[in-house]
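Trainee: Hi, I'm opening this one for the very first time. Could you walk me through it?
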Amino acid sequence: MITNDKFDLYDQVEDLDSLPAIRNVPEDQYLRQRKPPRIAGSTPSSAMQELAEQENELNFSYTAAKHEKKWLTDSLTDFYRQQWFDDVLRLIKGGGKEASVYQCLGNQTTQTPFIAAKVYRPRKFRQLRNDSLYREGRLNLDDEGHEIHNDRALHAIRQGTAFGMRLAHTSWIEHEFQTLTLLHKAGADVPKPYMSGNNAILMEYIGWDEIPAPTLNTVNLPLKETRHIFDQAIHNVNIMLAHHRIHGDLSAFNILYMEGQITLIDFPQAIDPGQNRNAYHIFCRDTSGYANILLPGG
Ligand SMILES: Nc1ncnc2c1ncn2[C@@H]1O[C@H](COP(=O)(O)OP(=O)(O)OP(=O)(O)O)[C@@H](O)[C@H]1O
Ligand SMILES: [Mg+2]
């Protein structure tokens with residue numbers, strides 16, 4: 001199969017019809033089933049019809065662009081129905097062909113006023129240059145975060161069939177979720193992950209009520225604070241190394257800054273240095289870019 005055919009096949013899966021179901025419900029989270037709304041003055045049959053219409057058309061406060069609407073609904077409806085959040089408020093970043101991050105209204109499930117939902121486009125990972133650089137030594141993960149052992153599935157991934165690319169796409173997302181989980185438990189400055197599946201990750205929202213935290217490349221800091229931020233960054237790099245992780249795309253574009261604190265984001269490319277022969281090269285690239293941006297005159 002030639003490369004272009006693969007891309008065409010990949011486009012066919014872009015409607016997300018076969019997305020994996022939500023998984024990873026933490027045991028300590030009590031998830032209530034959303035009760036169907038009562039519709040005053042309706043006869044049972046028209047009420048059922050209205051209900052069915054409502055179920056297909058969720059009215060979030062955020063008005064999605066036409067091309068985005070089905071994608072957003074397909075990716076977030078199950079999370080919404082399981083009451084992980086009560087509304088989608090705004091697009092933080094994206095809306096194009098790759099991942100988009102949305103600010104959502106939280107509720108008792110996470111007990112936070114807001115959460116962030118990162119929703120992926122299937123083409124995101126296919127556009128990743130040198131993806132084999134990061135995939136070396138990496139397990140292929142299914143939608144439950146378990147290693148894929150099935151020979152046919154592994155063969156499909158190697159061959160780059162439409163099915164294989166869908167599996168690979170899920171695997172990237174699960175890697176991001178597992179890395180966030182690992183690093184958050186280890187005390188690193190990363191958003192707390194809540195849930196993955198269905199083409200999205202739900203995590204802690206970093207920002208103010210109406211303004212998300214900016215990325216570090218967009219803020220001007222006094223020299224004194226730059227040093228402090230640099231130390232925080234190195235502290236996080238040390239935690240990552242102690243837990244066998246290298247970010248893989250570390251730069252000021254993937255660090256949020258808020259009131260003197262940094263939060264590292266965007267981990268699908270993270271690698272385990274013990275499993276990947278490119279680790280030293282990737283590590284040097286991560287950290288030299290960092291120093292250049294953070295250090296005065298760097
Ligand atoms: N937890 C969060 N809280 C607030 N904002 C976030 C959060 N996670 C991501 N963002 C915002 O969304 C943007 C994109 O997120 P991320 O870097 O994870 O995805 P991406 O696929 O790399 O997108 P891009 O290529 O645009 O960087 C970030 O630059 C940041 O502005
Ligand atoms: Mg990013």
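Mentor: Happy to! Keep in mind that this is a predicted model. Let's begin with helix α3, residues 66-81, and check its length: at 1.5 Å a residue, its 16 residues should span 22 Å, and the end C-alpha atoms are 22 Å apart, so the two agree.

Trainee: Where does α3 bend, and by how much?

Mentor: The bend in α3 is at Ser75, and it comes to about 35 degrees.

Trainee: And which residues of α3 are buried?

Mentor: They are Glu68, Trp71, Leu72, Thr73, Ser75, Leu76, Thr77, Phe79 and Tyr80. Notice that Ser75, where the helix bends, is on that list.

Trainee: What follows α3?

Mentor: Look at Gln83, which comes after the helix and has a positive phi near 65 degrees. That is a positive value in a residue other than glycine. Gln83 sits in the loop between α3 and β1.

Trainee: Let me zoom out. How many helices and strands does the protein chain have?

Mentor: There are nine helices and seven strands. The chain has 298 residues, of which 47% count as buried. Its accessible surface comes to about 15900 Å², and 51% of that belongs to carbon and sulfur atoms.

Trainee: What share of the contacts join residues at least 24 apart?

Mentor: Taking contacts between residues at least 6 apart in sequence, 66% join residues at least 24 apart.

Trainee: Now α7. What span should it have?

Mentor: Helix α7 covers residues 162-185, and at 1.5 Å a residue its 24 residues should span 34 Å. The end C-alpha atoms are 35 Å apart, which agrees. The helix is mostly covered, with 17 of its 24 residues buried. Just after α7 comes Gly187, with a positive phi of about 90 degrees.

Trainee: I also see a magnesium ion. Which residues coordinate it?

Mentor: Asn254, through OD1, and Asp266, through OD, coordinate the magnesium ion (ligand 2) at 2.2 Å. Asn254 lies in the loop between α8 (223-242) and β6 (255-258), while Asp266 lies in the loop between β7 (261-264) and α9 (279-294), so the pair ties together parts that are 12 residues apart in sequence.

Trainee: Are those two buried or exposed?

Mentor: Asn254 and Asp266 are both buried.

Trainee: What about Phe253, buried or exposed?

Mentor: Phe253 is in the loop between α8 and β6. The cut-off for exposed is over 50% relative accessible area, and Phe253 has 54%, so it counts as exposed. Leaving aside residues up to four places away in sequence, Phe253 touches Thr215 and Asn217. The C-alpha atoms of Phe253 and Leu216 are separated by 6.3 Å, and these two residues are 37 apart along the chain.

Trainee: How do β6 and β7 pair?

Mentor: They pair in the antiparallel sense over four bridges. One to find on screen is Leu256, whose bridge partner in β7 is Thr263. At 60% relative accessibility, Glu259 counts as exposed.

Trainee: And which residues cover the faces of β6?

Mentor: Ile255 and Tyr257 are on one side, with Leu256 and Met258 on the other, and all of these are buried.

Trainee: Last one: where does Gln269 lie?

Mentor: Gln269 is in the loop between β7 and α9. With a relative accessible area of 8%, it is buried. Its C-alpha atom and that of Asp249 are separated by 6.8 Å, although Gln269 and Asp249 are 20 residues apart along the chain.

Note on methods:
Residues numbered from 1 in each chain as written. Chains lettered and ligands numbered in written order. Predicted model: local features only at pLDDT ≥ 70, side-chain atom pairs only at ≥ 80, totals over all residues. Heavy atoms only, no water. Donors = N, O, S within 2.8 Å, 3.2 Å for Na, K, Ca; no water. Helix = DSSP H or I, 4+ residues; strand = E, 2+ residues; numbered from the N terminus. Buried < 20%, exposed > 50% of the residue type's maximum accessible area, 1.4 Å probe, protein only. Expected span 1.5 Å × (residues − 1). Bend = angle between axes of the 7 residues up to and from the residue. Contact = heavy atoms within 4.5 Å. Areas by Shrake-Rupley, 256 points an atom, 1.4 Å probe, with all protein chains shown as cover. Pairing = 2+ DSSP bridges.
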